Amino acid sequence: MKHKMGRLLTPYLFLAPNTLIFGIFVVLPMVYGLVYSFYRGNFIGGLQQFVGIENYRQLLEDRAFLTSLAHTAVYVLLVVLLVVVLSLMLAIALRATTLGNALARIGFYLPVILSPVVVGVAWRWMFSSDLGVINAVLSSLGQSPIPWLTDINWARAVVILASVWSMAGFYMVIFIGGLNTIPTELYQAAEVDGASPRQQFWQITLPLLAPTTLLVTILATINAFKAFEIILVLTNGGPGDATRLLVQNIYLTAFEGANPTYASAQSVVLFAILMLLTLVQLRVSRDS
Amino acid sequence: MKKAWLIVLFLAFAGIVFAQRTLQVVWFTEAPTEQAIFDRYVKMYEAANPGTKVEVTYVPFQQLTQKLQLMVAGNTPPDVARVVTANIAEFDPVALDLAAYVDSSSFLNQFLPSQIPYIYRKPRIIGAPLDVTANGIFYNKDCFAEAGVKVPTNSLQVWTWEQWREAMDKVRNNSKCRFALSYDFTTHRFSTLLYAAGGRFIDASGKKFAIDSAQGLRTLSFFADLFKDGFIPKGQWLSNDDPSTLFRSGQSAMYMSGNWNLAQFSQIKNFNWGVMPLPRDKIRSTVPGGKFVMGFKGSKNPDEAAKFILWLTSKEINLPFSKDNMVLSARKDAKGMKYGQFDDAIAVFQSDLSVTPSYVGQDWSNPAMARLNTFIRGEIVKVLLGQQSPKQALETIQAEGNKLLR
């Protein structure tokens with residue numbers, strides 16, 4: 001009896017430390033965040049008044065929040081699209097195990113291990129309108145400098161490119177893993193049947209990579225929604241609020257606006273969006 | 001017997017350890033020299049107070065507010081913190097009241113009148129002034145000499161805004177400096193022009209915003225034109241480029257900032273620099289501000305915190321401390337203090353401060369300014385981006401400000 005009980009408890013004992021850490025550092029702050037979102041308060045006075053869904057109602061009229069939400073939607077769409085396409089292309093190009101490919105993989109993976117702050121600083125050094133290397137080169141060639149970070153559209157493009165550059169290497173590795181699970185016999189058979197490389201890609205590679213593509217899409221979407229440090233260092237959300245995304249807006253509301261409860265409501269909305277998108281993606285994958 | 005001695009020794013040691021107080025201090029730094037100087041003064045305090053250990057957490061200025069907000073929210077406020085004007089207004093409700101430790105009138109009487117509105121919430125004293133700051137313009141003497149532009153040295157004959165613009169044009173076109181003016185990305189520095197134009201943010205009653213005025217419009221239009229005409233590099237206000245870097249690297253002929261840069265600029269070796277009196281429009285004015293030390297209600301050692309604050313702002317300590325950091329002491333008895341090689345520069349800041357109207361300090365000691373700082377800056381940026389006219393920006397700021405003051 002005692003032995004059976006022990007056997008039953010063992011897995012839970014192994015899981016306990018992780019569950020405890022997860023509970024304290026993830027679940028508890030989430031619950032706190034949710035509770036805070038129904039209150040009015042600040043850092044100094046704490047929670048002052050229960051306001052029900054007032055913070056959420058206010059979000060619907062908050063121009064800064066709605067603008068950052070719209071910016072985030074465009075940013076996520078473009079970043080995820082570019083990341084998936086680029087990392088898949090890299091994976092296909094560098095799939096074969098040769099020394100050159102190994103070196104190239106390392107090169108493309110390097111940005112992933114860099115701190116986002118370092119990525120932001122590096123891109124800033126390159127693209128700063130007044131101090132950047134690229135404009136210095138353009139000027140030395142007699143060309144007019146480009147307002148990379150002071151023009152709204154250029155700044156958005158640079159932010160998206162920097163994000164894609166910093167993420168693509170990671171997803172390339174996942175795609176290479178996925179490609180390696182596709183049996184080579186399928187390609188050999190297709191070649192015998194006279195299928196062109198393009199046909200092989202559309203008929204074999206892409207369908208069999210669907211689970212990996214889904215995984216990459218989900219991960220890239222979640223990461224893109226949480227983008228913060230690179231943009232903070234690169235443009236600080238500017239010019240104006242042209243590159244201010246939801247997470248930065250939450251940060252500004254909480255700390256510069258000293259309004260943590262209203263910022264909590266925004267965080268809850270972000271969480272709900274991410275949860276919904278993930279569920280939809282999983283559902284689509286299951287149905288297909 | 002031997003054992004007994006060991007026990008006595010152990011207990012004595014334990015007694016010393018447990019009797020020692022640890023004073024938690026949060027100290028923000030702006031110049032690389034500041035930390036070493038403060039460490040030296042901390043050691044002096046510890047030597048004079050053997051029962052106290054001072055534990056200092058250094059934070060960059062940009063992280064100060066967030067650090068204090070989180071410590072206060074987590075019910076673990078520091079005993080003492082070095083803060084700026086915006087912070088002292090924000091943390092007023094949790095400030096340690098120094099009035100319980102001093103005779104209020106004789107304590108306040110030690111400091112310059114411009115600093116009193118920030119710390120005195122009758123009858124409470126919520127902090128002590130450490131030093132006075134003044135906005136001002138640093139300039140690259142080599143670029144001005146190369147362009148043949150003479151900077152006014154007599155504070156009675158300062159440039160008008162139009163003369164200042166002409167000087168910018170000449171220096172940019174006739175010297176190695178690529179840009180005429182670097183400008184800190186803050187509402188506070190922008191306001192230097194507003195006050196020179198004779199404007200103000202909040203009216204004399206303190207209950208209504210007054211920025212939507214002819215003076216406000218003149219200021220914002222003039223400022224926007226400086227960007228449009230390429231005198232100020234756009235990146236400094238549109239994409240967070242560091243204005244100080246452009247000046248320190250010798251690429252910008254002027255830099256609108258403040259006296260707190262003196263220590264940092266003493267390291268510049270590649271060109272000669274100086275400080276010019278602020279150009280006038282309707283009046284001459286700078287924007288006084290300051291650094292303060294404050295304690296917090298609910299900290300572990302409030303009595304020791306008050307003792308440390310009073311020590312740091314006392315004449316014996318504050319005067320040499322200010323001199324070491326090359327800042328203007330907030331004490332009245334610091335008048336005439338010499339700073340060696342920076343005497344000329346400091347004289348210019350002091351001259352600007354001496355003609356500044358008192359309502360400038362009242363504007364910035366109003367908690368509404370701390371709340372609206374970022375908002376105002378955002379509205380100015382929209383003007384620079386061409387998303388709205390200066391008039392629209394002023395109306396929006398005025399409306400938002402009045403909402404807050406109500």
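Trainee: How are α5(A) and α7(A) oriented to each other?

Mentor: Two packed helices are described by the angle between their axes and the distance between the axes. In this predicted model, helix α5 (residues 116-127) and helix α7 (residues 152-180) of chain A pack at an angle of about 135°, and their axes are 11 Å apart. Angles over 145 degrees would count as roughly antiparallel and those from 65 to 115 as roughly perpendicular; α5(A) and α7(A) are therefore oblique to each other. Their crossing is right-handed.

Trainee: Which residues make the contact between α5(A) and α7(A)?

Mentor: From α5(A) come A:Pro116, A:Val119, A:Trp123 and A:Phe127, while α7(A) contributes A:Val158, A:Ala162 and A:Ser166. By class, this contact has six nonpolar residues, one polar residue and no charged ones.

Trainee: What does the radius of gyration tell us about chain A?

Mentor: Chain A has 13 helices and two strands. Its radius of gyration is 24 Å, well over the 19 Å that the globule rule gives for 288 residues, so chain A is more spread out than a compact globule. Along the principal axes, its C-alpha trace spans about 85 × 75 × 30 Å. Buried residues make up 32% of the 288 residues.

Definitions and conventions
Residues numbered from 1 in each chain as written. Chains lettered and ligands numbered in written order. Predicted model: local features only at pLDDT ≥ 70, side-chain atom pairs only at ≥ 80, totals over all residues. Helix = DSSP H or I, 4+ residues; strand = E, 2+ residues; numbered from the N terminus. Rg over C-alpha atoms; globule rule 2.2 N^0.38 Å. Buried ≥ 20, exposed ≤ 12 C-beta atoms within 10 Å, placed from the backbone. Axes fitted to C-alpha atoms, helices over the stretch in contact; angles between N-to-C directions. Parallel < 35°, antiparallel > 145°, perpendicular 65-115°, else oblique. Left-handed = near helix turned anticlockwise from the far one by under 90°. Contact = placed C-beta atoms within 7 Å. Nonpolar A, V, L, I, M, F, W, Y, C, P; charged D, E, K, R; others polar.
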